[in-house]
Amino acid sequence: MASRVRARFWDPTGDRYGIPTYPWKMAPSHLRTLRQLTAEGLRPGGQGVQAQVLWCSRRYGAPGVRTAYLYDVRFALPKRTATLRQRAALSKANAARRTCPECLTDVGYVLPRHLGTCLDCAEEIAA
Ligand SMILES: [Zn+2]
């Protein structure tokens, strides 16, 4: 049974399916699903779908052949997470939250909101 399924979905040249097709867990290691790429901090980049994985799902209510598209990890690009500019903006925002408006120093901790100044200035004001 298992080998019959494997033969049915084994089409590395794409003769039958149009694109290279592999049974579940039989694809070459450089081909990854979107989820696998994401887990590695990658995205497909400009490339289209390179191949597919087919498997039979016996899930109740939705049995049938399932497809997962595969991308070539060699063409993948780093995921666009926080860009340099976004990171700079973030650290600037954090610096602003640590900078006391009284003594204009980055005190190294986020100013207590109820004081609005650093602890030293708050003490001086209170005294
Ligand atoms: Zn201060």
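Guide: Here is a walk from the whole chain down to the core and its strands. First, a caution: this is a predicted model, where local features need pLDDT of at least 70, side-chain atom pairs count only at pLDDT 80 or more, and totals for chains, interfaces and linings use all residues. Residues are numbered from 1 along each chain as its sequence is written.

The protein has four helices and six strands, and along the sequence they follow the pattern α-β-β-α-β-β-β-β-α-α. Helices (H or I, at least four residues) and strands (E, at least two) are DSSP runs, numbered from the N terminus. The radius of gyration is 27 Å, well over the 14 Å that the globule rule gives for 127 residues, so the protein is more spread out than a compact globule. That radius is taken over C-alpha atoms, and the rule is 2.2 Å times the number of residues to the power 0.38. The C-alpha atoms fill a box of roughly 85 × 35 × 20 Å along the principal axes.

Now for the inside. Buried residues make up 11% of the 127 residues; "buried" needs 20 or more other C-beta atoms within 10 Å of a residue's own, "exposed" is 12 or fewer, "partly exposed" is in between, and C-beta atoms are placed from the backbone. A nonpolar core is a set of buried Ala, Val, Leu, Ile, Met, Phe, Trp, Tyr and Cys residues joined through C-beta atoms within 7 Å. The largest one here has eight residues: Phe9, Tyr22, Ala27, Leu37, Ala51, Val53, Leu70 and Tyr71. Strand S4 (51-57) and strand S5 (64-72) each supply at least two residues of this core.

Zoom in on Ala27: leaving out residues up to four places away in sequence, Ala27 touches Tyr22, Ala51, Val53 and Leu70. Touching, or contact, is when two C-beta atoms, placed from the backbone, lie within 7 Å.

How do the strands line up? Strands pair if DSSP finds at least two bridges between them. S4 and S5 run antiparallel and are joined by seven bridges, with Leu54 having Thr67 in S5 as its bridge partner. Six residues sit between the strands in this hairpin, where Gly61 takes a positive phi near 95 degrees. S4 also runs parallel to strand S1 (residues 21-23), to which three bridges join it. In that pairing, Thr21 stands opposite Gln52 in S4.
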